[in-house]
Amino acid sequence: MKKLKPAKVALVQVSPVFQNLEKSIIKLKELLIEAKSNGAELVVFGETWLCGYPSWLDYCPNVAVWDAPEVKEAFLEMYHNSIEAGGKEMQSIQELVAKLGVYVVLGANESVSSGLGGKGTIYNSMFIFGPDGTIQNHHRKLMPTYTEKMLYGHGDGAGLKSVQSPFGNITGAICWEHWMPLTRQALHQAGEHIHVALWPMVHERHEIASRHYAFEGRCYVLAIGQIMKAADFPKGIELPLQLQKDPQIQTLRGGSCVIGPDGNYILSPVFDKELIIYAELDANEVIKERMTLDVTGHYNRNDIFDFSINDSRK
């Protein structure tokens with residue numbers, strides 16, 4: 001089998017312009033140019049980076065009140081600042097990616113105006129771009145987590161696949177998908193070498209999930225978190241008293257890190273800083289670790305367990 005080339009990766013732990021698609025895309029392009037200028041070949045962004053994770057769901061007391069007008073307004077704002085896979089905003093991102101010639105993994109709030117998918121539904125999505133600017137994988141989070149169910153639709157199996165690159169196959173999963181055993185197995189079987197774990201914040205439990213994924217899959221994991229303050233919450237949503245007193249409190253603190261295929265940290269979690277984190281990866285190390293554990297090969301029992309995936313777009 002052909003030897004894989006090493007790669008430099010960049011984890012972008014920098015805030016978007018919350019709920020402003022136009023300004024966030026401008027910032028996205030600036031960050032991509034910066035990462036490329038520093039030699040990055042793969043650049044990754046966190047869960048719904050475009051245009052911001054709804055962290056307010058975890059803090060604000062009245063978000064689940066039935067028919068609350070301020071929550072409907074927040075949903076409307078999210079919808080208007082979501083991105084369409086075939087829209088002009090996406091095309092402008094693809095054009096820049098092609099110009100830079102890098103691989104990009106981007107978490108985004110996605111809406112749909114035509115074709116399959118609800119016309120009033122937001123999806124928690126991940127896009128993997130190839131260096132020619134094409135969308136080589138488009139994944140929608142299979143199951144919105146807890147309160148996210150108020151805002152997001154269910155995804156499908158169409159994105160449970162890998163993207164080939166000269167430095168190894170790339171996969172990704174979003175947040176608590178890392179605790180869905182069959183989702184993990186589907187991505188392991190896709191032949192991954194580098195896995196991108198998109199999180200709102202990589203706190204301790206998410207670190208555990210990311211390290212477990214790396215050990216189980218014998219792959220690199222780029223666990224990417226985000227920075228967000230209470231001041232970034234939608235206007236009109238009632239804040240708890242503590243956040244009213246100090247809206248500069250960070251509700252998302254980053255925690256981005258890089259984990260090797262043995263489950264150990266290559267770069268430990270970084271909290272409370274906006275920055276781009278760089279690391280050098282060599283996917284040939286993945287094969288060394290699979291000598292002891294390969295859950296898709298010698299450590300699998302296909303004679304006992306049947307496994308299949310519905311990979312159609314719903």
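Does His 195 count as buried or exposed, and at what relative accessibility?

1. In this predicted model, His 195 counts as buried because its relative accessibility is 0%. The residue belongs to strand S7, which spans residues 194-198.

2. Two side-chain polar contacts are found for His 195. One joins its side chain to that of Thr 171 at 2.9 Å, and another joins it to the side chain of Glu 192 at 3.4 Å.

3. The structure contains twelve salt bridges. Among them is the pair Asp 67 and Lys 72, with the closest N and O atoms 2.4 Å apart. Asp 67 counts as partly exposed, at 46% relative accessibility.

4. Arg 313 pairs with Asp 156 in a salt bridge whose closest N and O atoms are 2.8 Å apart. Since Arg 313 lies in the segment after helix H7 (284-289) and Asp 156 in the loop between strands S5 (135-140) and S6 (170-174), the pair ties together parts 157 residues apart in sequence. Arg 313 is partly exposed at 27%, whereas Asp 156 is buried at 5%.

5. Salt bridges with shared partners join Glu 47, Lys 141 and Glu 148 into one network. Within it, Glu 148 and Lys 141 have their closest N and O atoms 2.8 Å apart, and both residues are buried.

6. Gly 117 sits in the loop between strand S3 (103-111) and strand S4 (122-129). Its C-alpha atom is 8.9 Å from that of Arg 313, although the two residues are 196 apart along the chain. Beyond four places in sequence, Gly 117 touches Val 112, Tyr 123 and Lys 314.

Technical notes. Residues are numbered from 1 along each chain as its sequence is written. This is a predicted model: local features need pLDDT of at least 70, side-chain atom pairs count only at pLDDT 80 or more; totals for chains, interfaces and linings use all residues. Side-chain values use heavy atoms; hydrogens and water are left out. Helices (H or I, at least four residues) and strands (E, at least two) are DSSP runs, numbered from the N terminus. Buried means under 20% relative accessible area, exposed over 50%, partly exposed in between (1.4 Å probe, protein chains only). A polar contact is a pair of N or O atoms within 3.5 Å; within protein, one must be able to donate a hydrogen and the other to accept it, and residues adjacent in sequence count only if both atoms are side-chain atoms. Contact means heavy atoms within 4.5 Å. A salt bridge is a side-chain nitrogen of Lys or Arg within 4 Å of a carboxyl oxygen of Asp or Glu.
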